[in-house]
Number of protein chains: 2
Amino acid sequence: MATGRTHRPATRSRGIPEATVARLPLYLRALTALSERSVPTVSSEELAAAAGVNSAKLRKDFSYLGSYGTRGVGYDVEYLVYQISRELGLTQDWPVVIVGIGNLGAALANYGGFASRGFRVAALIDADPAMTGKPVAGIAVQHTDELEKIITDNGVSIGVIATPAGAAQQVCDRLVAAGVTSILNFAPTVLSVPDGVDVRKVDLSIELQILAFHEQRKAGEETVAPDEVASAQAAAQDTPGAAAAAPAPLAPHRAAPAAGTDNGRQGPDGDVPAVMPA
Amino acid sequence: MATGRTHRPATRSRGIPEATVARLPLYLRALTALSERSVPTVSSEELAAAAGVNSAKLRKDFSYLGSYGTRGVGYDVEYLVYQISRELGLTQDWPVVIVGIGNLGAALANYGGFASRGFRVAALIDADPAMTGKPVAGIAVQHTDELEKIITDNGVSIGVIATPAGAAQQVCDRLVAAGVTSILNFAPTVLSVPDGVDVRKVDLSIELQILAFHEQRKAGEETVAPDEVASAQAAAQDTPGAAAAAPAPLAPHRAAPAAGTDNGRQGPDGDVPAVMPA
DNA sequence: GCCTGTGAACAGTTTCACAGCT
DNA sequence: AGCTGTGAAACTGTTCACAGGC
């Protein structure tokens with residue numbers, strides 16, 4: 001190895017891996033905490049521990065930003081905070097609108113970490129006339145009719161959707177038409193947007209299901225949690241492959257499909273994500 | 001903690017890739033919608049469009065579960081719903097506790113998709129005595145002092161933390177000590193947990209920062225106008241007709257670190273943001 | 001012909017281990 | 001000595017393209 005020509009691009013190559021970008025906020029948070037404690041420098045090892053990643057990964061991540069550390073010493077906390085903030089675009093102000101002011105929308109509006117960094121809640125929007133004018137987190141809720149005007153007047157490019165699933169796509173279309181190019185979607189729906197618009201989603205139900213998957217696996221091993229694991233009725237389902245020992249318990253009966261609680265998916269309307277009274 | 005090399009037991013279970021597991025809930029949701037409309041079968045192409053992924057990926061994902069489709073025809077909706085539910089462990093009942101009943105905790109408690117599948121909110125816990133006894137989503141809030149008893153009595157193995165960041169680790173420790181082995185963390189903190197405990201986190205602030213990063217990029221390229229891009233930014237139309245079917249853009253997802261030593265996962269998937277010349 | 005299932009190519013990410021600076 | 005920065009290896013995930021059954 002050590003093939004000569006260690007000439008590096010000198011400047012950050014036009015592309016920080018997505019996985020790295022996703023970790024920068026984490027490093028930033030850890031660094032901010034250090035900064036508040038007036039810690040001047042950190043080693044990759046210490047910072048990695050604080051961020052919950054391993055040091056090699058952290059160093060690799062930072063290497064995509066440039067060489068901001070000092071060999072034999074570590075990284076200058078303040079400097080790194082600045083560099084990462086800049087890289088993430090947090091040195092500028094990002095007006096954000098939150099659409100759908102139910103419990104979730106209110107929680108988001110009140111979320112501190114929100115305003116602390118470059119983000120500023122420019123407006124809260126809800127379709128319920130009864131909500132109009134009501135103050136939430138110190139901001140008066142505005143009606144959906146004003147959506148386009150709000151986006152335009154405030155130069156909003158990031159929108160947060162916290163409406164019921166049924167309203168999400170429509171709200172999304174309006175946001176995009178009005179100029180929003182980044183959307184954070186909390187509604188349990190797949191949004192379709194034109195090219196150039198970024199959508200990230202946060203889906204409670206999906207996270208829980210992923211946990212359940214792993215939880216189920218654990219139960220198969222040993223020392224199960226105390227719980228009542230369904231009294232396990234052997235399921236003797238056709239075993240697909242010669243899969244190794246996999247927990248096979250589980251009841252053949254699944255949640256009633258038409259129970260009282262609707263779990264409407266992206267149906268034409270109505271679903272219950274937690275927001276919107278109506 | 002020991003020096004790395006504590007590679008996880010390599011769970012010899014029939015390995016379903018983590019990325020696939022993260023998408024199963026998405027397929028399940030799309031399938032449930034089809035099921036409600038009494039659609040008997042779907043092709044990988046149709047289902048993929050509904051779930052917002054590409055068909056090859058979907059087929060590959062399903063191939064890890066077994067061969068549940070019929071060549072020349074497609075997949076039987078009901079059968080697939082059952083198989084995926086089973087794989088995710090949703091055919092059994094998962095009592096869940098939510099700790100921290102503020103706006104967010106209340107939103108979660110009211111979240112429909114929560115109870116609709118195997119999940120059942122077994123208890124709501126809050127440290128504020130003023131909250132004790134108050135009904136939220138039809139369930140009386142209990143005091144933190146009862147935490148251990150609640151976990152044990154209900155056989156809870158999944159806990160949701162929606163407390164302020166400062167209380168999260170402590171709550172986490174108590175949950176784990178009481179027997180919880182899967183945690184969904186909404187507090188903006190890195191939780192450290194012993195081996196064997198799964199932690200997934202949902203962090204609003206991180207998602208926004210990732211969006212800001214991409215948003216900043218977009219703004220910077222407007223002037224440069226490399227050969228790519230420059231494409232239809234002129235969407236600005238009310239009707240999303242143009243987009244929709246074709247290469248559903250979509251956005252990246254999130255990835256996250258691990259907590260504590262160097263165990264677990266904590267990163268859903270990552271996916272299709274790229275520029276892919278079609 | 002239609003559509004699934006999958007090996008193989010490709011792309012992205014993590015980890016290793018060490019060169020090189022301080 | 002200590003610690004960063006980084007090629008290269010190892011691994012994970014995605015896409016291609018077509019074999020094979022309906």
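**Close-up views of a predicted protein–DNA model**

**Figure 1. Contacts to DNA strand C.** In the side chain of A:Arg23, an N or O atom lies 2.7 Å from a phosphate oxygen of DNA strand C; the model shown here and in the views that follow is predicted. A phosphate oxygen of DNA strand C is also 3.4 Å from a backbone N or O atom of B:Tyr68, whereas the side chain of B:Arg71 places an N or O atom 3.2 Å from a base oxygen of the DNA strand. Of the atoms of DNA strand C that come within 4 Å of the protein, 64% belong to sugar or phosphate, and the rest belong to bases.

**Figure 2. The protein surface near DNA strand C.** DNA strand C is surrounded by 24 residues, and the closest of them are A:Arg23, B:Ser44, B:Arg59, B:Gly69 and B:Tyr75. Sorted by class, this surface has nine charged, nine polar and six nonpolar residues. Both chains take part, in that α1 (18-36) and α3 (55-65) of chain A, and α3, β2 (69-70) and β3 (74-76) of chain B, each supply at least two residues of the surface.

**Figure 3. The salt bridge between B:Arg23 and B:Asp61.** The side chains of B:Arg23 and B:Asp61 meet in a salt bridge with an N to O distance of 2.7 Å. This pair links distant parts of the chain, since B:Arg23 belongs to helix α1 (residues 18-36) of chain B and B:Asp61 to helix α3 (residues 55-65) of chain B, 38 residues apart. B:Arg23 counts as buried because its relative accessibility is 9%, under the limit of 20%, and B:Asp61, at 2% relative accessibility, is likewise classed as buried.

**Figure 4. The salt bridge between A:Arg120 and A:Asp93.** The closest N and O atoms of A:Arg120 and A:Asp93, which form a salt bridge, are 2.9 Å apart.

Figure 5. A:Glu215 forms a salt bridge with A:Lys218, and the closest N and O atoms of the pair are 3.3 Å apart. Both residues lie in helix α9 (residues 204-221) of chain A, where they are three residues apart, about one turn of the helix. A:Glu215 and A:Lys218 are both buried. Over all chains, the count of salt bridges comes to 18.

**Figure 6. Strand β8 of chain B and its neighbours.** From strand β8 (residues 158-161) of chain B, B:Ile158 and B:Val160 point one way, while B:Gly159 and B:Ile161 point the other way, and all are buried. Strand β4 (residues 94-99) of chain B runs parallel to β8(B) and is joined to β8(B) by four bridges, with B:Ile98 standing opposite B:Val160. β8(B) also pairs in the parallel sense with strand β9 (residues 182-185) of chain B, again over four bridges, and here the bridge partner of B:Val160 is B:Leu184. Together with helix α8 (residues 165-178) of chain B, the strands β8(B) and β9(B) make a right-handed β-α-β unit.

Notes: Residues are numbered from 1 along each chain as its sequence is written. Chains are lettered from A and ligands numbered from 1 in the order in which they are written. This is a predicted model: local features need pLDDT of at least 70, side-chain atom pairs count only at pLDDT 80 or more; totals for chains, interfaces and linings use all residues. Side-chain values use heavy atoms; hydrogens and water are left out. A salt bridge is a side-chain nitrogen of Lys or Arg within 4 Å of a carboxyl oxygen of Asp or Glu. Buried means under 20% relative accessible area, exposed over 50%, partly exposed in between (1.4 Å probe, protein chains only). Two strands pair if DSSP finds at least two bridges between them. A crossover is right-handed if, with the strands pointing away from the viewer, the path from the first strand over the helix to the second runs clockwise. A residue is near a molecule or strand if one of its heavy atoms lies within 4 Å of it. A polar contact is a pair of N or O atoms within 3.5 Å; within protein, one must be able to donate a hydrogen and the other to accept it, and residues adjacent in sequence count only if both atoms are side-chain atoms. Ala, Val, Leu, Ile, Met, Phe, Trp, Tyr, Cys and Pro count as nonpolar, Asp, Glu, Lys and Arg as charged, and the others, Gly among them, as polar.
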